[in-house]
Amino acid sequence: MTKKIEVDFELCEANGVCMGILPEVFELDDEDFLHVLSDEVTPENEAKVREAVRQCPRQAISIRE
Ligand code: SF4
């Protein structure tokens, strides 16, 4: 089964830490709303997704396995 990135938008404070780690996946728009451009965890991005999970100051990112 594919793993998916989930963001709890109630927790997210749009500080952009995740975007700094993985801009191909996490993007803040002009109104500071975070978009997940692609929610699939792939072998290529998994290490960085996990780093974003660890570094999100609000612990808003998780991986659904
Ligand atoms: S690092 Fe966490 S709080 Fe910051 S924008 Fe990403 S999901 Fe939101």
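**Note on side-chain pairs**

1. The side chains of Arg64 and Glu6 form a salt bridge, 2.4 Å from N to O. Arg64 sits in strand 5 (residues 61-64) and Glu6 in strand 1, so this pair ties together parts 58 residues apart in sequence. Arg64 is partly exposed, at 42% relative accessible area. Glu6 is partly exposed too, at 30%. Bear in mind that this is a predicted model.

2. The count of salt bridges comes to seven. One of them joins Lys3 and Glu46, with the closest N and O atoms 3.0 Å apart. Lys3 belongs to strand 1 and Glu46 to helix 2 (residues 46-55), so the bridge connects parts 43 residues apart in sequence. Lys3 is partly exposed, with 23% relative accessible area.

3. Together with Arg50 and Glu65, they are linked in a network of salt bridges.

4. Strand 1 has a further partner. Asp39 makes a salt bridge with Lys4, the closest N and O atoms being 3.6 Å apart. Asp39 lies in the loop between strand 3 and strand 4 (40-41), and Lys4 in strand 1, so the pair ties together parts 35 residues apart in sequence. Asp39 is partly exposed, at 32% relative accessibility.

5. Now the aromatic rings. A search of the whole structure finds one aromatic pair. Phe9 and Phe33 are stacked, 5.4 Å centre to centre, with 15° between the planes. Phe9 is in the loop between strand 1 (3-7) and helix 1 (17-21). Phe33 is in the loop between strand 2 (26-28) and strand 3 (34-36). The two are 24 residues apart. Phe9 is partly exposed at 41% relative accessible area, and Phe33 is partly exposed at 43%.

Note on methods
Residues numbered from 1 in each chain as written. Predicted model: local features only at pLDDT ≥ 70, side-chain atom pairs only at ≥ 80, totals over all residues. Heavy atoms only, no water. Phe/Tyr/Trp six-rings, centres within 6.5 Å; stacked < 30°, edge-to-face > 60°. Helix = DSSP H or I, 4+ residues; strand = E, 2+ residues; numbered from the N terminus. Buried < 20%, exposed > 50% of the residue type's maximum accessible area, 1.4 Å probe, protein only. Salt bridge = Lys/Arg side-chain N within 4 Å of Asp/Glu carboxyl O.
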